[in-house]
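Please keep the sequence and the structure in view while reading.

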Amino acid sequence: TQPLNPPRLNPPRLNQARVGYAGQAALLAAAHCGQVHCIGLLLSWGADAKVQDGEALCLAAAGGHVASMAVLLEAGCAVDAQDGRPLVAAASGGHMQAVIALWEAGAQSGPN
């Protein structure tokens, strides 16, 4: 008998230059859930960290996902996105580590 050789799976090639709406929605969902590895993968495929004026950072801050926030900030998301909403979201949720991380990254006070 011959050994069983399963067919090779060839994953689809992704258009790394343009992730599109689905990729941006996935980035927001990953930020909301604190899935730092997914965020990194989506960013490497071309997702924009600044989508919807930094909504991904706001979602990560609201959940206290400090590691996700760090990846998004490193990818160019503005620490004071949406007039300081990330800081307000972190503080409102009682996520002091996230508040401290945002302050250390240069966040100013929240909206006036």
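Two residues are said to be in contact when heavy atoms of one lie within 4.5 Å of heavy atoms of the other. The model described here is a predicted one. Its protein chain has six helices and zero strands, and along the sequence these give the pattern α-α-α-α-α-α.

**Overall make-up**

- Of the 112 residues in the protein chain, 30% are buried.
- When contacts between residues at least 6 apart in sequence are considered, 63% of them join residues that are at least 24 apart.

**The nonpolar core**

- In soluble globular proteins, nonpolar side chains tend to be buried together.
- The largest nonpolar core in this model has 24 residues, and those with the most contacts inside it are Leu 27, Ile 39, Met 69, Leu 72 and Leu 102.
- Two or more residues of this core come from each of helix H1 (20-33), helix H2 (36-44), helix H3 (51-62), helix H4 (66-74), helix H5 (81-92) and helix H6 (96-104), and H3 gives the most, with five residues.
- Ile 39, one of the core residues with the most contacts, touches Leu 27, Ala 30, Ala 31, Ser 68, Val 71 and Leu 72 when residues up to four places away in sequence are not counted.

**Packing of H2 against H4**

- Helices H2 and H4 pack at an angle of about 15°, and their axes are 9 Å apart.
- Because angles under 35 degrees count as roughly parallel, H2 is described as roughly parallel to H4.
- The crossing of these two helices, H2 and H4, is right-handed.
- On the H2 side the residues that meet H4 are Val 36, Ile 39, Gly 40 and Leu 43, while on the H4 side the residues that meet H2 are Ala 67, Ser 68, Val 71 and Leu 72.

**The salt bridge**

- How many salt bridges does a search of the whole structure find? The search finds one, and in this salt bridge the side chains of Glu 55 and Arg 85 meet at 2.8 Å, N to O.
- The pair links distant parts of the chain, with Glu 55 in helix H3 and Arg 85 in helix H5, 30 residues apart.
- Are the two partners buried or partly exposed? Glu 55 has a relative accessible area of 15% and is therefore buried, since buried means under 20%, whereas Arg 85, with a relative accessible area of 33%, is partly exposed.

Methods. Residues are numbered from 1 along each chain as its sequence is written. This is a predicted model: local features need pLDDT of at least 70, side-chain atom pairs count only at pLDDT 80 or more; totals for chains, interfaces and linings use all residues. Side-chain values use heavy atoms; hydrogens and water are left out. A nonpolar core is a set of buried Ala, Val, Leu, Ile, Met, Phe, Trp, Tyr and Cys residues joined through side-chain atoms within 4.5 Å. Buried means under 20% relative accessible area, exposed over 50%, partly exposed in between (1.4 Å probe, protein chains only). Helices (H or I, at least four residues) and strands (E, at least two) are DSSP runs, numbered from the N terminus. A salt bridge is a side-chain nitrogen of Lys or Arg within 4 Å of a carboxyl oxygen of Asp or Glu. Axes are lines fitted to C-alpha atoms, for helices over the stretch in contact, and angles run from 0 to 180 degrees between N-to-C directions. Angles under 35 degrees count as roughly parallel, over 145 as roughly antiparallel, 65 to 115 as roughly perpendicular and the rest as oblique. A crossing is left-handed if the near helix is turned anticlockwise from the far one by less than a right angle, and right-handed if clockwise.
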